[in-house]
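Please look through the following model chain by chain.

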Amino acid sequence: MEEELIRIKNNALSMIWDTDDAKELEEIKLQFLGRSGQLTLAMKQLPKIDPEKRKEFGILANEVKETIEGALKEKTHETKTQAVKSHVSKIDVTNPGIKPPLGHLHLITQAISEITSIFEQIGFGRVRYSEVEWDWYSFGALNFPEGHPARDDWETFFIDAEPSKKYGPMLLTPHTSSGQIREMENSKPPIKMLNLAKCYRRQSDVSHVPMFHQFEGLAVDQNLSIVNLKGVLDYFVKSYFGEKRSARIRPYHFEFTEPSFEVDVSCGVCDGKGCKLCKEGWLEMGGAGMVHPNVLKNSGIDPNKYNGFAFGWGVERVLMMKEGIEIDDLRLLYSNKLEFLEQF
Amino acid sequence: MNIKIIDSWLREYLDTKAKPAQIAKDLSLRAVSVERTEKIGDETVYDIEVTTNRPDLMSTRALAMEAAAVLSEEKIDAQFKDKKFPEASSADISFPIKIVDDPTLTNRIMAVIMEVKIGPSPKEISQRLELSGIRSLNNLIDVTNYVMREIGHPTHVFDFDLLNTKKMIIRKSKPGEELTTLDGKTYKLTGGDIVGVNDNGEIIDLLGVMGTKNSVVQNNTKRIMFFLDNLNPRLIRQTSMNLGIRTEAAIINEKGIDPELTEIAFKRGVELFKEIAGGKVISKVLDIYPNKAKTHTVNVELNKINSLIGVDVPASKSEEILKKLGFGVKINKDSLEVLVPTIRAAEVLIPEDVIEEIARVYGYHKLPSVVPAFLNNKSNSFADTFFYEDKIKNALKYWGYTEVYTYSLISEDMFDGPIEKAVKLKNPLTSDMEYMRTSLVPSLLKVVKENKSAEMIRIFELANTYHKKTNDLPEEKLMLSGVLKKQNASFFEIKGVIEQLLTDLGIKNYKFKQRGVPGAEVFIGQDRLGYIEIINSNLIDFELGFETILKHATLKKIYKPLAKFPPIVEDITFVLDEGINSEDVSEEIKLQSFLIREVTLKDQFENAKTFHIIYQAEDRNLTNTEIAEIRGQIITSIQSKFKASVK
């Protein structure tokens, strides 16, 4: 009888291992463990066995039953897993995914984020001063003489409003430099500020838009020098354009700085060697200078004790100079054509 | 101001073996920007940008001095060689015209009468002029232009016989006076222009700007009055801009020129007339010089030079540089005494001006770069306006919205509301950018119109609007606005965006209220935040005041201990009359017991609204009996308050 039990066990096991089909496993289960299954029938023979051998027989029979059940369970699980795998491997992974929504931030917002974060790391706190200003803040305090061309109504937008007795006519500021005066009136040195705001100039063509953005840096403390200004310019150029790029300054003229500089950035295409796209290896980026002592005085800061440097550039300009964004008409940035905006 | 300088001409004043490329490079790095260097035949032409504070550099001679200074600083052999022009010989005949000048208008007038032979200029002269961008006309006109380019002072020549006058009165023009310039154009003056007037009261010169037809040199001119006027720059600019006459003479004169230069240009001109036009002086030289050029001294502390530049510059080096630029220098113990030449007297006034001269020739490229490490006086706020602006923009981006930037200036018909309330430009560029907007919505709707082919549009903008104030700058208010264009656009999609936006900013007490027109008003507590506007079934916009958002936004986090006992959840459906707001019903339900944790509208079918109610106690499991009691209260109160029935 023992041999019979063992024969049943081996038979069941070999059949179980032989199949991958869930249905066949069900049939094997019936065949061995069902009401008329081989093992069931064998166990029914218990009364015919010698009483001394019944206990042994019972134990063995149970062992066989457990073994077969265990094998069935394992094989069933394995088969199910395989079924899932083969179902999953039938999907076409090159089909488009179900995408969550994704809109776009305007290029200018992206540039502003990058620029402000670069300067914040060297302690220039971001501010945003007003777009509609008084003549005093945009010109007078900045050391512009009476009759300077920028103060003409050919170049600057003036507001149809009563001028202020103290501050002169109302206008749309043509540069963020007015923020220098505002900042110096609001806080005392040491000052490290980045004013980023909208500016307006009376011109519109392929490389000029009447409304644009500028960022203006101002540092005021004791004994600041051209060496410090160079440090900040170099740091920005490397951070924004790349490690291989560098900045240089050349003599220039602004009413509100002395000395004044034109700032160039080395050409990214030819690495400063000179090519069709640049001027002998350099591209003009914007202006800078040491704050004119009159400007400090006009803002209530003692020029004998403090001095400073400042720089002001167009956001659109540095954005266009970044690789890959060579827009041929600046007005496209404000055209708000969705197929343009959705490229970024 | 741009000027073309000819290499061979420059070298008449500059002794150096340096090649044009080297000259261009060193000028650009230390003096003026040489935008382009062009080789034309045997010549090289430098295209130079002269900044408005250095009108003295609109001169070949002056640029040669700069070139010598910068080249020698670069250790390249270079010398400035000034030319000395002979005194203009005076004939013994007194000057035939009485020139009545006005010292408020003119700083200096020099003139002389000469006999001349008009004809073409020699090739070298006409070629240099043409390469400089000036048309060569005849030897007489050419001399005036040649002198201007070489010395940097405009000059003028009259046909003396055409002048035919005993007096020339120099005065301000009166409104309505007319003149015809030498190019044949007639102008009616608005007054305030510097004019020269003859015995008959006719205008015979628009001083400093352009000559007049009635006195211009002709093909048969035999006698000229060579005339140099040094004038009040402010009046020249006004005239030039008002009449739109932008000659090189006007451009230079409107910046102001050193009257000492008048004499150098005068002598050079007379010499040239003799050389190329058979010129013979036939009168005394007239020199009316009411406003003498002055020199002055600027004291510069040596400490300040080093401190401003950022490196130690030896006093001897500063002296060397300044002397090469034409300054006089005396080295004292702690400072330099710098004598400013007349040609620089107008713009070298303070120590910083002198230090700029030293620093630029020393070489900015030689200086190191050191970021200043100090911190400003302000404490940093992490959650400032910029933080929230970025957060909101990013949220909208990830919910599928595209950001636009539209112009702050709009046309009259785009302006919402009475136009008298608008901030208006006095001098707009075009009529579609004349008023400052008080809402972003019209601009956004314009963007929708301009993107007709897009089937679905989701755009937003965060920008200033401008509100007129009396006797003050307008108030600039940041607004957050958006537009949804879509087939069957859903109000609730926009509402959902706003709800999530506010929730993300920590704002919970927002409310949407009915409006007079389709859409809703949005409130945070008692503060009106903005509105949603349903324009039609495919177009919805919204506008929120960012300041109000800022006022309520918070990063503050409140921790509520987790519930120890499970909630009980059920749905009750009420049939309500039209016009009953679901929020009012929810609020009423909540009032029935503090064990009601949350009530939300789960479903709606015609007039039947299903409310999903969550009951929960912090300290025990709620029993069915308790729930039944509350449920009873809910049903009773809703039925009575809203005349509803339970479904």
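The paragraphs below start with chain A as a whole and then turn to sheets and helices in chain B.

This is a predicted model, in which local features need pLDDT of at least 70, side-chain atom pairs count only at pLDDT 80 or more, and totals for chains, interfaces and linings use all residues. Residues are numbered from 1 along each chain as its sequence is written, chains are lettered from A and ligands numbered from 1 in the order in which they are written, and side-chain values use heavy atoms, with hydrogens and water left out.

Chain A contains eleven helices and nine strands; helices (H or I, at least four residues) and strands (E, at least two) are DSSP runs, numbered from the N terminus. Its radius of gyration is 41 Å, well over the 20 Å that the globule rule gives for 344 residues, so chain A is more spread out than a compact globule. That radius is taken over C-alpha atoms, and the rule is 2.2 Å times the number of residues to the power 0.38. The C-alpha trace of chain A spans about 130 × 50 × 45 Å along its principal axes.

In chain B, an open sheet of seven strands runs in the order β21-β25-β26-β30-β29-β28-β27, with mixed pairing; two strands pair if DSSP finds at least two bridges between them. Its edge strands, β21 (402-403) and β27 (510-514) of chain B, each pair on one side only. Within the sheet, β29 (residues 527-536) and β30 (residues 539-545) of chain B are antiparallel and share six bridges, and B:G530 lies opposite B:L544 in β30(B). Helix α13 (residues 385-398) of chain B packs on this sheet and touches β21, β25 (457-467) and β26 (475-485) of chain B, where contact means heavy atoms within 4.5 Å. The direction of α13(B) makes about 155 degrees with that of β25(B); axes are lines fitted to C-alpha atoms, for helices over the stretch in contact, and angles run from 0 to 180 degrees between N-to-C directions. Helix α14 (residues 441-450) of chain B also packs on the sheet, touching β25, β26, β29 and β30 of chain B.

A further open sheet in chain B has three strands in the order β22-β24-β23, with antiparallel pairing. Here β22 (409-410) and β23 (423-424) of chain B stand at the edges with a single partner strand each, so one side of each is left without a neighbour in the sheet. Two bridges join β23(B) to β24 (residues 435-436) of chain B, and B:K424 has B:Y435 as its bridge partner in β24(B).
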